[in-house]
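These are my notebook entries on one chain, taken in the order in which I looked things up.

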Amino acid sequence: MAGTGAGRPSLYPTLLYTDAKAAIRQLTEGLGFTELSLYETEDGKVMHAELVQGNGAVMIGSKGRGGRFDTLMKDAGPTGVYVVVDDVDAHHQRAVEHGVEILMPPTDQDYGSRDYLARDVEGNIWSFGTYAPEVGV
């Protein structure tokens, strides 16, 4: 598969927010992501941002910034994203301390994962847990 060399992820969930800067702040401060890049339009909207967690990344942008993707996503519903973390309970505690809305506390699942659910500032559902299936190369 092209584009997956040098440790780069091959999947990037892409989310658009009415207030992308507030979302980036919540995701970095409250949910432990690291801001890798941020590009803004002249009027201060987020054209493109990349946030990383472990060996995965998510792309963030502002709604209403223009462009084909923005137009196509206009009426799309909330997105759900699963993020693998090493210590679910510590990650959950950080989220709680930053006022993140918790939908389900850390829970042991029948399929072997321990995870919790949170909702971000614009309604997207984030799952954080230990489930990390082996994917064939």
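E3 and E4 run antiparallel and are joined by five bridges; I count two strands as paired if DSSP finds at least two bridges between them. The two strands form a hairpin with two residues between them, and Gly54 in the turn has a positive phi of about 60°. Helices (H or I, at least four residues) and strands (E, at least two) are DSSP runs, numbered from the N terminus.

The model is predicted: local features need pLDDT of at least 70, side-chain atom pairs count only at pLDDT 80 or more, and totals for chains, interfaces and linings use all residues. Residues are numbered from 1 along each chain as its sequence is written, and side-chain values use heavy atoms, with hydrogens and water left out.

In what order do the four strands of the open sheet stand? I read the order as E1-E4-E3-E2, with mixed pairing. E1 and strand E2 (34–40) are at the edges with a single partner strand each, so one side of each has no neighbour in the sheet. From one strand to the next the twist averages 20°; axes are lines fitted to C-alpha atoms, for helices over the stretch in contact, and angles run from 0 to 180 degrees between N-to-C directions. The parallel part of the sheet includes E1 and E4, which pair over four bridges. In that pairing, Leu16 stands opposite Gly61 in E4. Five of the seven residues of E4 are buried, where buried means under 20% relative accessible area, exposed over 50%, and partly exposed in between (1.4 Å probe, protein chains only).

I found H1 lying across E1, E2, E3 and E4, at about 10° to E3. Is H1 mostly covered or mostly open? It is mostly covered, with eight of its 11 residues buried. The buried residues are Ala20, Ala22, Ala23, Ile24, Gln26, Leu27, Thr28 and Gly30. Just after H1, Gly32 takes a positive phi of about 80°.

For Phe128, leaving aside neighbours within four places in sequence, I listed contacts with Leu31, Phe33, Val83, Val85, Val88, His91, Arg114, Asp115 and Tyr116; contact means heavy atoms within 4.5 Å.

Entry 6, aromatic rings. Rings of Phe, Tyr and Trp (its six-membered ring) pair if their centres lie within 6.5 Å; planes under 30 degrees apart count as stacked, over 60 as edge-to-face and the rest as tilted. The count comes to six aromatic pairs. The rings of Tyr82 and Tyr131 have centres 6.4 Å apart and planes at 90°, so they are edge-to-face. Tyr82 lies in strand E5 and Tyr131 in the segment after E8, so this pair ties together parts 49 residues apart in sequence. Tyr82 is partly exposed at 33% relative accessible area, and Tyr131 is partly exposed at 38%. Tyr111 and Tyr131 are also edge-to-face, because their ring centres are 5.4 Å apart and their planes stand at 80°. Phe33, Tyr116, Trp126 and Phe128 form one aromatic cluster.

Ile125 lies in strand E8 and counts as partly exposed because its relative accessibility is 25%. Its C-alpha atom is 6.3 Å from that of Thr79, 46 residues apart along the chain. Val121, in the loop between E7 and E8, is partly exposed at 46%. Which residues does Val121 touch, not counting those up to four places away in sequence? I found Ala22, Ala23 and Gln26.
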